[in-house]
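Please keep the sequence and the 3D view at hand while reading.

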Amino acid sequence: MSAVRRSPVRGLAPLLIGVALLWLALVVLLPLGMVFAEAFRRGLDGFLDAFSEPDAWSAVRLTLLVAAISVPLNALFGLAAAWCITRYEFRGKALLTTLIDLPFSVSPVISGLVWVLLFGTAGWFAPLLDALGVRVIFTVTGLVLATILVTLPFVARELIPLMQQQGADEELAAVTLGAGPWAIFSRVTLPNVRWALLYGVLLCNARAMGEFGAVSVVSGHIRGLTNTLPLHVEILYNEYDFVGAFATATVLASLALVTLLIKSLLEWRFADELAATRRH
Amino acid sequence: MTAVPLSRRWRWKEPSVLPGFGLTFGFTVLYLSLIVLIPLAALVVRPWELGPAGVWEAATNPRALAALRLSFVAGGLAALINAVMGLVLAWVLVRYDFPGKRIIDALVDLPFALPTAVAGIALTALYAPNGPIGSVLTDWGVRVAYTPLGVLIALIFVGLPFVVRSVQPVLEDLDHEIEEAAETLGATPFQRARLVVLPALLPALISGAGLAFARAVGEYGSVIFIAGNMPQRSEIAPLLVVIQLEQFNYAGAAAIGLAMLALSFLILLTLNGLQAVIARRGRA
């Protein structure tokens with residue numbers, strides 16, 4: 001359908017476009033611009049100072065580590081969930097699909113809180129953890145668990161509608177031709193869903209690296225040990241090191257912009273291989 | 001033993017020649033149980049250590065009530081504003097062509113992609129009394145940062161993409177012929193918008209606004225910097241959960257968390273019902 005259409009009311013199109021652009025500039029572009037403006041408020045040197053701190057680098061490493069554990073696990077989960085939900089008919093499927101989406105409707109703070117209720121000093125499993133000499137809350141394990149919970153739906157949500165749409169015909173043909181389970185997965189299913197998988201992993205990763213509420217609850221904010229980048233931003237800000245906070249924030253803002261860029265490229269280049277709602 | 005014909009036997013799973021059901025189903029259920037079900041069960045069960053009266057007190061004492069009210073009222077207002085502006089944005093992106101449209105379309109998702117803490121400090125710097133927007137507003141006597149208005153601004157930011165992204169695909173699929181038929185029958189542009197386009201978009205509009213609302217109610221990172229967090233005035237419910245937790249009041253924190261969850265489910269259920277009613281009326 002052509003987007004260029006004679007406007008029904010003279011002058012309505014420019015007016016609406018103007019309103020939409022102004023709104024987007026006010027709500028989205030100004031805050032984004034502010035991040036970079038504040039980061040360079042004291043020039044390039046002030047900006048670079050923020051990265052001379054060892055704590056900043058340990059925050060970068062920890063953020064990468066948490067994402068490197070959480071994202072592959074949730075990708076594996078997304079593949080397994082999409083396979084069993086779209087390739088078989090069984091009772092309770094709707095319930096399973098709803099449960100997968102549940103983490104999106106839960107506050108990030110609650111996604112952190114639940115792990116404290118289980119593993120905190122007064123948590124259900126505290127005696128067990130004490131006996132084993134293991135700690136979860138205020139450690140990397142806690143950060144990973146909270147991040148996995150928050151980002152659990154991303155990959156599954158991209159794969160389920162797409163694999164539903166594609167149907168099982170190709171896999172059934174492969175079975176008929178004598179292909180084993182691994183051959184079906186690696187030579188039929190995976191090539192069919194690879195761009196949607198990448199799309200899901202991209203969004204999952206962006207959220208995993210940027211998550212704040214959930215990890216803030218379980219982190220304990222131990223500098224150099226359990227501080228991810230977003231938490232490092234908060235600490236600097238609360239210490240009135242505004243330039244440092246915004247300089248660190250530019251790293252996260254750049255990550256967001258790169259994510260949006262790749263996401264748009266995928267939508268544009270591989271539209272047919274993404275779920276229908278992603279094509280625009 | 002009498003053999004039951006295969007077709008009549010109750011089955012929870014239809015047979016399939018595709019391999020891997022046991023493995024993928026087992027993994028999915030195990031993973032969901034460990035990551036989602038058991039942790040959320042703790043949230044549902046823990047508060048009752050306080051007894052029913054204790055849970056009621058933890059969730060309805062003046063401070064908790066004020067925080068819940070702020071989160072839900074500001075979240076509702078932000079969702080309404082986003083519903084209107086999201087409709088305009090979706091309309092402009094689908095129906096008009098203009099230079100840079102692709103970039104504008106991509107930028108709509110920025111609130112999804114930008115970490116909430118970054119959004120929070122950027123909005124605060126922008127609306128603080130010495131910030132670029134804040135200083136202008138202060139001259140007019142309006143204070144945004146460190147007031148409930150700041151909470152609203154942050155929630156508008158995080159909720160912006162939801163309505164756009166739920167209305168956009170429906171608007172793209174909307175048949176122009178129906179609008180043209182209405183035009184042929186003498187409908188004015190505003191009648192067409194009100195009687196033809198809007199009813200078709202309403203279910204998507206409601207579900208988008210519902211998602212924006214659910215997100216706003218639980219939002220934490222982008223709000224706490226700009227809110228000022230004064231108890232009973234600009235303190236949001238998720239922050240109160242964190243504060244209770246820092247005082248090792250696990251059950252109290254869980255009680256407020258449970259109240260948040262119950263209230264948002266109630267509202268989302270109402271919105272779903274509303275959507276069903278509209279869909280039924282549309283078919284009749």
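## Burial in one helix

A residue counts as buried if 20 or more other C-beta atoms lie within 10 Å of its own, with C-beta atoms placed from the backbone. The model discussed here is predicted. By that criterion, B:Val55, B:Ala58 and B:Ala59 are buried in helix 2 (residues 51-60) of chain B. They lie on the same side of helix 2 of chain B because they cover an arc of only 90 degrees around the axis. In general, an α-helix has 3.6 residues a turn, so residues three or four places apart point the same way.

## Fold of chain B

Chain B contains 13 helices and 0 strands. Of its 284 residues, 45% count as buried. Among contacts in chain B between residues at least 6 apart in sequence, 77% join residues at least 24 apart.

The C-alpha trace of chain B spans about 85 × 65 × 35 Å along its principal axes. The radius of gyration of chain B is 24 Å, whereas a compact globule of 284 residues would have one near 19 Å.

## The nonpolar core

The largest nonpolar core has 177 residues. Those with the most contacts inside this core are A:Leu113, A:Leu159, B:Val118, B:Ile121 and B:Ile256. Helix 3 (residues 62-95) of chain B supplies the largest share of the core, with 17 residues. From chain A, the core draws at least three residues from each of domain 1 (8-39) and domain 2 (43-278).

## Domains of chain A

Chain A is divided into domain 1 (8-39) and domain 2 (43-278). The C-alpha centres of these two domains of chain A lie 30 Å apart. In chain A, 5 residues of domain 1 are in contact with 8 residues of domain 2. On the domain 1 side of this contact in chain A, 4 residues are nonpolar, none is polar and 1 is charged.

## Contact between the chains

The contact between the chains takes 79 residues from chain A and 78 residues from chain B. On the side of chain A that touches chain B, the largest share, 16 residues, comes from helix 1 (residues 12-39) of chain A. The residues on that side of chain A divide into 63 nonpolar, 9 polar and 7 charged.

Terms used. Residues numbered from 1 in each chain as written. Chains lettered and ligands numbered in written order. Predicted model: local features only at pLDDT ≥ 70, side-chain atom pairs only at ≥ 80, totals over all residues. Contact = placed C-beta atoms within 7 Å. Helix = DSSP H or I, 4+ residues; strand = E, 2+ residues; numbered from the N terminus. Nonpolar A, V, L, I, M, F, W, Y, C, P; charged D, E, K, R; others polar. Domains from an automatic or database assignment. Core = buried A, V, L, I, M, F, W, Y, C linked by C-beta atoms within 7 Å. Buried ≥ 20, exposed ≤ 12 C-beta atoms within 10 Å, placed from the backbone. Arc of directions from axis to C-beta. Rg over C-alpha atoms; globule rule 2.2 N^0.38 Å.
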